[in-house]
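Biologist: Before we discuss the details, could you bring up the sequence and the structure so that we can look at them together?

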Amino acid sequence: AKKYNEKVLALIRDIANPSPNDEYFTTFRYFDFFVGHSWALGIYSDPNGKGQESTSEAVNAWYGIYLYGQATQQPEVSLIGETLLLMEVHSTNFYWHVPQNIEIYPRGYSHTMVGILHDLIIEFQTYFGAAGFFVHGIQLLPITPVVHMMFHPNWVQDGFLRFKAYCEHDPFCTDSGFVTFMIAEQAMIDKEGAWKAAQQLPDKVFSIDTAGGNGNSRTNTLWFIAAWGNHKRNRRWPSDEPECRAWEFHADSTQKVAPAHRYLPPPRHRVHGTGWAAEAAMWLLLLCVLATLVGAAYVMRQRIVHTYAILQSHARRSPDGQTPLASAPSLTETYGGTGQESPHASRTGQESPYASQSQWSLVS
């Protein structure tokens, strides 16, 4: 480690350099802290926006940095790897492994997995093929311990059915070696079944000629199943996330798949409860607020008109400052009433105490 430490750190700095003062490497070349995950080709401009295909490859990159920091007792290096790792895993389980309890994408996207995520679009395909088992498999390689953090049983119990259907439909899933990723995913909800399936795989699955299996081995597959697999349950796996009352957990977020595949997920249903009462209360509160605002606006208008009329009345007084000019408008006229001589002057023969302010009264 001492002999190659600087060389290894140079590789780490290339993709996860934390220092803006580094003269040789940019900071966090691939990771976007704003969205919480990496972009496959770094931060660059693209018509569809930045994109990423294999989340598991990104996760394993950060996992490698974390392990190197642990092995060489460099806590700063380990912390950087762990931070990026946990953020990438969290985003993977939200954007790529389509949640079953949250409607994050339009219902027109009828898949449980995203192949390539862009800023502007999502695709159910890979850069090297559109087969369904390619899409699922590319999100699981390489098979290492950290993979189990990305494949929670709550999602796998639905996602695995799709993966299995794609592989059963096309023999190339086995011939290409991608079947090993399906078995690794199966281990998350049925380690006994996955163990049996791995033992029955033909040797050619792990040959150098298979794109999916040549980086793996039967031994590694069996070790992963034994170490990180979960025993099969007779009931649904719950979610670790807070309960979502808008959708049922057992409901699939997709409604149909391509006609070539036989697996159809169960329909999704809304949970009916007291939601209508809360919505009615919200609308009632909104109406009360609007009524209050309208009333306040009307009162304010009356006050403004009244003030304006008084100012006009004072502005049109005669030079002696006592009697208004003949053309001076009254408060009555301003408010839309009828002009008439004040009864206070006609009855007593004396000037009304109100005459200095206005010679008009409001006759209803």
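**Helices, core and loops**

Biologist: Which residues of helix 2 are buried?

Modeller: Helices are DSSP runs of H or I with at least four residues, strands are runs of E with at least two, and both are numbered from the N terminus. Buried means a relative accessible area under 20%, exposed over 50%, and partly exposed in between, for a 1.4 Å probe and protein chains only. By that rule, the buried residues in helix 2 are Thr55, Ser56, Ala58, Val59, Asn60, Trp62, Tyr63, Ile65, Tyr68 and Gly69.

Biologist: What kind of model is this, and which pLDDT limits apply?

Modeller: Residues are numbered from 1 along each chain as its sequence is written, and side-chain values use heavy atoms, with hydrogens and water left out. This is a predicted model in which totals for chains, interfaces and linings use all residues, whereas side-chain atom pairs count only at pLDDT 80 or more and local features need pLDDT of at least 70.

Biologist: How many residues does the chain have, and what percentage of them are buried?

Modeller: The chain holds 13 helices and five strands. It has 364 residues, and the buried share of them is 40%.

Biologist: What distance does helix 3 span between its end C-alpha atoms?

Modeller: The expected span of a helix is 1.5 Å times one less than its number of residues, and helix 2, with 17 residues, reaches 24 Å from first to last C-alpha, close to the expected 24 Å. For the 22 residues of helix 3 (residues 75-96) the expectation is 32 Å, which agrees with an end-to-end C-alpha distance of 30 Å.

Biologist: Where does Gln73 lie, and is it buried or exposed?

Modeller: Gln73 lies in the loop between helix 2 (55-71) and helix 3, and its phi is near 55°, a positive value in a residue other than glycine. With a relative accessible area of 71%, Gln73 is exposed.

Biologist: Phe28 also has a positive phi in a residue other than glycine; is Phe28 buried or exposed?

Modeller: Phe28 is found in the loop between helix 1 (5-16) and strand 1 (31-32), and its phi is near 45°. Because its relative accessible area is 19%, Phe28 is buried.

Biologist: Which residues have the most contacts inside the largest nonpolar core?

Modeller: A nonpolar core is a set of buried Ala, Val, Leu, Ile, Met, Phe, Trp, Tyr and Cys residues joined through side-chain atoms within 4.5 Å. The largest one has 60 residues, and those with the most contacts inside it are Trp62, Phe133, Phe151 and Ile183.

Biologist: Where does this core lie in relation to domain 1 and domain 2?

Modeller: The domain bounds come from an automatic or database domain assignment. Since domain 1 (1-124) and domain 2 (152-233) both give residues to the core, it lies between them.

Biologist: At roughly what angle do the axes of helix 9 and helix 10 cross?

Modeller: Axes are lines fitted to C-alpha atoms, for helices over the stretch in contact, and angles run from 0 to 180 degrees between N-to-C directions. Angles under 35 degrees count as roughly parallel, over 145 as roughly antiparallel, 65 to 115 as roughly perpendicular and the rest as oblique. The axes of helix 9 (residues 191-199) and helix 10 (residues 218-228) come within 9 Å and cross at roughly 170°. The pair is therefore roughly antiparallel.

Biologist: Which residues of helix 9 and helix 10 make the contact?

Modeller: Contact means heavy atoms within 4.5 Å. Helix 9 contributes Lys191, Ala194, Trp195, Ala198 and Gln199, and helix 10 contributes Arg218, Thr221, Leu222, Ile225 and Ala226.

Biologist: Leaving aside neighbours within four places in sequence, which residues is Met188 in contact with?

Modeller: Met188 is found in the loop between helix 8 (179-186) and helix 9, and it is buried, with a relative accessible area of 2%. Neighbours within four places left aside, its contacts are His148, Phe151, Pro153, Val156, Phe224, Trp228, Gly229, Asn230 and Trp237.

Biologist: What separates the C-alpha atoms of Phe163 and Gly132?

Modeller: Phe163 is found in helix 6 (residues 153-169), and at 0% relative accessibility it counts as buried. Not counting residues up to four places away in sequence, Phe163 touches several residues, including Phe133 and Phe178. The C-alpha atoms of Phe163 and Gly132, 31 residues apart along the chain, are separated by 7.1 Å.

Biologist: Which peptide bond is cis?

Modeller: The proline concerned, Pro142, lies in the loop between helix 4 (132-138) and helix 5 (147-150). With omega near -5°, the cis bond is the one from Leu141 to Pro142.
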